[in-house]
Amino acid sequence: MTDATAPRAPINRRALGRALSRIADAMVAEALAVLDGEAGAAREVWRCGITGPAGVGKSSLVGRFVNARLAHKRRVGVVAIDPSSPYSQGAILGDRIRIDAHGDDAELFVRSLASRHARDGLADNIANVLALLEAHDFDDVLVETVGAGQSQYEVRELVDTLIVVLMPGAGDMVQAVKAGILETGDIYVINKADRPGAKEMVAEIASVLRHPQSSDDWLPPVVLASALGGDGIAELDAACEAHRAWRASHLDAATARRTRRRAHVRALVARRLAEVTDGADDALWDVDVASAYHAVVAGLDYPRR
Amino acid sequence: MATQLQGKRILIAKPGLDGHDVGAKVIALALRDAGAEVIYTGLRKTPDYIARVAAEENVDAVGLSILSGSHLELVKLTAAALKREHADDVPLFVGGTIPRGDWNALKESGVDCVFDSEMSLEQIVDEVARRLA
Amino acid sequence: MEVSKALVATATAAELNQAITMSQSKSEAHNAGAARRTTPSGIEIPAVATAAMRRGPDDSAPGEYPFTRGIFEDGYRGRLWTFRQYSGFGSAEESNERYRFLLERGQTGLSVALDLPTQCGYDPIDPMARSEVGKVGVSISNLSDMETLFRDIDLAKVSTSFTINGTAAMIFAMYLAAADKAGVPRAKLTGTIQNDILKEYVARGTWIFPVRPALRLVADSIVYANQESPRFNPISIAGAHVRDAGSSAVEEMGFTLANGLAYVDELLSRGADLERFAQSLSLFFYVHMNFFEEVAKFRAARRLWARLMKERYGARTERAQQFRFGVVCGGSSLTAAQPYNNVVRVAVETMAATLGGAQSIFTCAYDEAFQLPTEQSAELALRTQQVIAYESGIADSVDPLGGSHYVEYLTDEMEVAIEGVIKEIADYGGVVKAIEDGYLQRRIARSAHERKSRVDSGESVVVGVNRFRNETENKTVGEVFESRASTAAEVLRKYEKIRDERDAAAAERSLATLDKAARDHSENLMPYLVDCCHAYVTVGEMVERLKQQWGEFVEPVKL
């Protein structure tokens with residue numbers, strides 16, 4: 001939380017908007033140049049991921065949740081990711097209007113990103129984008145993913161708390177189990193509580209969640225919510241605070257930092273790999289696999305600036 | 001497929017209370033098909049909100065769709081709001097039912113280009129691409 | 001190959017070449033054994049229609065279930081369709097002056113257009129209303145405005161139609177309150193409120209509340225109107241805006257009938273009497289240029305609606321089975337290029353409407369695509385209807401196209417296709433879910449995108465726009481949409497005066513009672529809204545109070 005006595009400088013939306021474009025569009029070399037020597041935000045910033053299958057009402061839920069966070073006098077930054085068209089690379093980014101419905105909260109900043117090359121429900125350079133927001137005096141940084149599936153694991157390592165949103169409906173549970181969703185979340189939300197089967201779904205999810213090995217472990221709560229009516233948002237907020245508190249008392253900060261940094265470096269290397277393979281001459285793929293492999297690996301690095 | 005807008009970010013917004021949004025949606029789809037990342041605001045957005053989104057999203061252009069006859073006032077208000085957000089360098093386009101007699105007044109208020117409904121989508125995309133090149 | 005002499009006489013060389021190429025390719029296609037052709041809705045068009053193509057016998061006479069040939073036994077011989085005009089602008093005073101002028105000239109029906117703040121439930125003082133007060137219609141925020149609007153007009157004698165949806169219940173309540181104050185019995189009131197909120201979510205955008213409570217308001221106002229002012233039409237279910245937004249004739253009908261069925265379901269769930277309310281339902285459409293498809297669209301929908309009302313809901317009386325509709329001719333088929341072509345379009349569309357059996361027709365002025373209609377263009381629009389009514393002979397025999405192999409074939413096919421759209425929406429989970437999820441909105445946006453692309457590519461011919469253009473045409477500078485700058489200031493001044501002068505305690509009491517009634521789902525909200533109006537509570541205040549309880553509609557923006 002910020003020092004209440006010192007007035008906080010207002011968010012410079014134009015400057016931050018530009019900086020985010022620079023980092024989101026950056027090649028790995030540029031991203032590294034920005035990050036080089038940067039230790040990360042000195043203050044404690046809470047990072048939260050919101051994920052779940054398409055159509056479960058993630059954006060509306062984020063909108064309600066953001067209001068709860070703002071009510072704690074916290075400055076909130078949100079990154080909302082929508083898919084890019086595989087044909088034109090274009091995208092329609094429509095999530096944000098559900099997130100900043102009032103449109104005039106001084107302490108809220110929302111940025112939409114297209115997934116572009118990312119195939120994991122996230123966006124290019126997402127780790128850098130989140131790091132940049134952290135460095136810009138936000139208290140909470142939220143990221144809403146495209147859908148569910150692979151992104152569970154990727155976003156898992158980038159955030160402190162992962163909220164998985166599901167809704168009642170026959171197919172969802174099966175999909176959830178298949179996608180391994182129930183192994184990654186810190187908090188589960190069953191949205192659209194007014195639909196039939198919502199309460200049963202809460203019980204069902206709770207019964208199949210990973211069970212704590214000891215009393216010290218975190219047992220993911222399952223929250224019944226209705227983003228449309230606003231029900232369950234206070235419970236969700238309380239669950240997040242509880243998770244933050246649990247992390248603070250149970251997780252070693254250095255370990256957490258290492259995990260985060262490992263994910264960030266892996267993301268950079270993966271993106272660098274895409275740069276090299278996408279940019280390679282056709283000739284590279286005419287040689288045998290081992291030779292191509294070594295050529296690609298040799299091409300990954302460049303001298304540190 | 002045409003991709004002349006790849007890498008561009010464009011805000012398509014509906015200021016005021018006018019509820020006719022199909023034109024705006026068709027343009028949004030056409031820009032997307034040309035490779036642009038389009039932020040579409042939905043209905044009833046205030047000029048202040050539009051300017052704020054333009055700044056946060058760091059868009060390359062703002063397109064306003066207005067069919068209520070309030071284009072002169074709404075464009076002026078939006079241009080002023082963009083200035084307050086230090087985003088008055090972002091090109092401003094307007095489409096909808098805009099009488100030709102108002103085109104000059106709009107351009108004096110800071111509009112770069114006015115589009116009418118009889119232009120083809122290709123013409124509109126080309127013109128946007130030319131101005132963002 | 002034959003090219004008409006008239007074309008040769010006037011065409012440029014380029015046009016002539018085009019015409020020659022066209023007629024060549026046409027004859028080639030003919031020789032090749034007829035390439036497949038479809039109507040704009042995708043219905044297969046036979047080169048020659050025959051009786052064998054009919055799907056089943058339908059020998060019903062006009063005025064007889066299922067009313068394929070019209071709802072009246074004597075068609076237009078007994079009564080012509082109603083000729084409609086649309087007006088209303090600026091302040092209540094300005095509109096009142098205009099209405100009295102029109103009534104003195106012999107017009108019997110008034111049509112009230114309301115400004116966007118009134119339509120969206122914002123008082124003139126609301127920041128959201130900024131720059132829109134008195135713009136596309138008149139500003140009516142409280143009973144005093146309604147009284148001014150109808151000053152020196154006998155509400156018992158005039159039929160008033162309000163284009164209002166999101167705040168229809170409030171505006172209707174205000175009209176009743178104005179009648180009460182003028183000492184006019186409610187039972188004597190005639191007119192229409194559009195009151196079709198579902199299509200606002202889909203195509204026109206003046207929604208306020210979430211879908212479910214909004215449906216309750218629609219049902220409450222219908223039931224109340226049936227009781228209090230049985231001659232007043234409490235709803236006009238409109239496909240026009242869906243069509244104008246870009247959907248096909250089949251989608252237009254399918255979406256509109258699906259909306260109609262949703263209202264019927266809502267009314268039944270609130271315990272309303274089917275035979276009673278069903279006869280007060282009316283519908284409203286656009287006519288577009290594909291003549292035969294448009295004629296068939298109305299015949300097909302009329303038959304389908306009657307079948308649904310009878311077979312699905314068990315409606316027994318004919319009045320409750322009948323499909324009554326008005327149309328607009330013009331709309332988005334009008335072009336700014338070569339505007340005089342629009343006169344022809346409106347005439348063709350008016351013919352399709354009359355041959356389809358419309359009960360009322362509004363004809364657009366040819367210059368509406370680019371300016372406010374002039375007096376001459378508005379008059380010409382009305383004359384177009386009169387020429388067709390009194391000179392063409394269309395009105396002389398009932399359903400003159402009935403029995404045409406092609407029209408009957410298309411009627412059958414359209415009916416199947418329309419029913420298919422209704423089923424598709426039902427399968428999705430119903431209209432309400434389809435709107436909440438943005439499914440219908442997305443479909444319309446995509447249809448509009450496809451339609452625009454077909455015009456751009458020349459696949460759909462629009463004369464003067466993508467074919468037979470006049471490159472030297474000097475596009476007329478339209479008359480600028482003008483509202484007196486003083487209008488908004490005057491509206492605001494009056495608004496603040498009423499707020500200062502009214503009995504504040506009475507206003508708050510009536511609002512509190514409304515709030516309480518809204519919490520009880522079985523209550524009809526109309527009497528409470530009328531009480532609010534009598535207490536000079538504003539439209540914005542009533543809306544705001546209900547919003548606190550119901551919330552606002554959140555637009556699903558997915559394309």
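Predicted model: local features only at pLDDT ≥ 70, side-chain atom pairs only at ≥ 80, totals over all residues.
**Figure 1. Chain B, with 5 helices and 5 strands.** Read from the N terminus, the elements of chain B follow the order β-α-β-α-β-α-β-α-β-α. Chain B is as compact as a globular protein of its length, because its radius of gyration of 13 Å is close to the 14 Å that the globule rule gives for 133 residues. The C-alpha trace of chain B spans about 40 × 30 × 25 Å along its principal axes. Of the 133 residues in chain B, 66% are buried. Where contacts in chain B link residues at least 6 apart in sequence, 74% of these contacts join residues at least 24 apart.

**Figure 2. Helices α11 and α13 of chain C, packed at an angle of about 25°.** Helix α11 covers residues 249-269 of chain C, and helix α13 covers residues 291-312 of chain C. Their axes are 10 Å apart. Angles under 35 degrees count as roughly parallel, and α11(C) and α13(C) are therefore roughly parallel to each other. On the α11(C) side, the contact residues are C:Ala249, C:Met253, C:Leu257 and C:Leu261. They meet C:Glu293, C:Glu294, C:Lys297, C:Ala301, C:Leu304, C:Trp305 and C:Leu308 of α13(C). Sorted by class, the residues of this contact are 8 nonpolar and 3 charged, with no polar residues.

**Figure 3. Helices α1 and α5 of chain A, crossing at roughly 155°.** Helix α1 consists of residues 13-25 of chain A, and helix α5 of residues 126-134 of chain A. The axes of these helices come within 8 Å. Angles over 145 degrees count as roughly antiparallel, so α1(A) is roughly antiparallel to α5(A). The crossing of α1(A) with α5(A) is right-handed. From α1(A), the residues A:Ala19, A:Leu20, A:Ile23 and A:Ala24 take part in the contact. From α5(A), the contact is made by A:Asn128, A:Val129 and A:Leu132. The contact of α1(A) with α5(A) has 6 nonpolar residues and 1 polar residue, and no charged residues.

Terms used
Residues numbered from 1 in each chain as written. Chains lettered and ligands numbered in written order. Helix = DSSP H or I, 4+ residues; strand = E, 2+ residues; numbered from the N terminus. Rg over C-alpha atoms; globule rule 2.2 N^0.38 Å. Buried ≥ 20, exposed ≤ 12 C-beta atoms within 10 Å, placed from the backbone. Contact = placed C-beta atoms within 7 Å. Axes fitted to C-alpha atoms, helices over the stretch in contact; angles between N-to-C directions. Parallel < 35°, antiparallel > 145°, perpendicular 65-115°, else oblique. Nonpolar A, V, L, I, M, F, W, Y, C, P; charged D, E, K, R; others polar. Left-handed = near helix turned anticlockwise from the far one by under 90°.
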